[in-house]
Amino acid sequence: MVMHRNQRGFSLVELSIVVLVMGLLLGGLMMPLSVQRENARLRDGHDQLESVRSSIEGFALVNGYLPCPATPASDGYAAPSGGGCIEQHGFVPATTLDLSGQRNTDNLLLDPWGAPIRYSVSASDSNTDGLWDFVTPGQMKLVTMPLLQPELTVCSTAAGSSAVACGSANVTLTEKAPLIVYSIGKNWSSFSSTDEVENVGANLGGGASGASYRIANDAVFVTRGKSELPGAEFDDLVTWSPANRLYGRLVDTGHLP
């Protein structure tokens with residue numbers, strides 16, 4: 001006797017439900033993966049800025065002065081000019097510092113999001129001799145540590161700030177930084193929030209690519225927690241060298257008395 005069993009497959013409704021469930025599961029997995037990738041870029045960005053800042057300080061410990069920022073036309077080298085720099089606000093002189101990493105057509109070092117890393121130096125001239133104190137060989141030692149007056153300022157908000165100071169002491173993180181290194185983050189190609197615009201209020205071109213880059217235009221910078229709120233976006237990464245730490249290390253190496 002031959003036994004016949006009824007064989008039944010999935011109905012279209014059941015298949016649709018399975019496909020829907022799988023789509024939801026995959027969608028739930030994709031979001032964390034994208035978040036993980038962005039978090040990895042953030043970690044890499046922080047590490048990269050710290051490495052750059054350390055390299056700039058190392059240059060100062062060897063030479064007794066800070067390197068000037070690179071410009072789009074300087075091919076990744078520091079760009080001094082007379083008693084100062086061609087630009088106070090520019091880019092990391094990665095070639096001068098012998099830094100590895102991805103570069104663009106103008107040989108500017110890029111952050112994890114593909115934008116050049118910005119770098120600004122103090123343009124103070126405490127003894128009014130026409131020479132920038134921090135980028136001219138021997139000038140810091142000549143001026144002497146008590147009289148050095150670096151002017152770069154970092155605030156937690158741009159609200160109420162001027163070209164030289166934060167809106168109040170409560171939002172001032174530092175007002176005596178000799179150098180600042182920063183990335184303008186994931187949204188580097190399009191942003192409009194007041195705090196982000198404070199970090200890049202001018203434009204600079206002149207390189208082989210023909211590109212015009214946004215750079216700082218005064219002594220005030222902003223750093224705060226990341227935000228994606230419309231109109232209040234912020235994802236810049238900012239670091240600086242405290243003046244006293246730099247002075248202490250220069251004293252140790254004999255570049256300051």
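Predicted model: local features only at pLDDT ≥ 70, side-chain atom pairs only at ≥ 80, totals over all residues.
Biologist: How many disulfides does that come to?

Modeller: The count is 2 disulfides. Cys-68 is joined to Cys-85, with an S to S distance of 2.0 Å. Cys-155 is joined to Cys-166, and there the S to S distance is 1.9 Å.

Biologist: Okay, which parts does the Cys-68 and Cys-85 pair tie together?

Modeller: Cys-68 sits in the loop between α1 (12-63) and β1 (80-81), while Cys-85 belongs to strand β2 (residues 84-85), so the bond links parts 17 residues apart in sequence.

Biologist: And where do Cys-155 and Cys-166 lie?

Modeller: Look for Cys-155 in strand β5 (residues 152-155) and for Cys-166 in the loop between β5 and β6 (172-177). Those parts are 11 residues apart in sequence.

Biologist: What about handedness: is the disulfide of Cys-68 and Cys-85 left-handed or right-handed?

Modeller: Check the torsion about the S-S bond. For Cys-68 and Cys-85 this torsion is about -80°, so that disulfide is left-handed. For Cys-155 and Cys-166 the torsion is about -95°, so this disulfide is left-handed too.

Biologist: Last one: are Cys-155 and Cys-166 buried or exposed?

Modeller: Buried means under 20% relative accessible area. Cys-155 has 0% relative accessibility, so it counts as buried. Cys-166 is buried as well, at 11%. Over in the other pair, both Cys-68 and Cys-85 are buried.

Key. Residues numbered from 1 in each chain as written. Heavy atoms only, no water. Disulfide = S-S within 2.5 Å. Helix = DSSP H or I, 4+ residues; strand = E, 2+ residues; numbered from the N terminus. Buried < 20%, exposed > 50% of the residue type's maximum accessible area, 1.4 Å probe, protein only.
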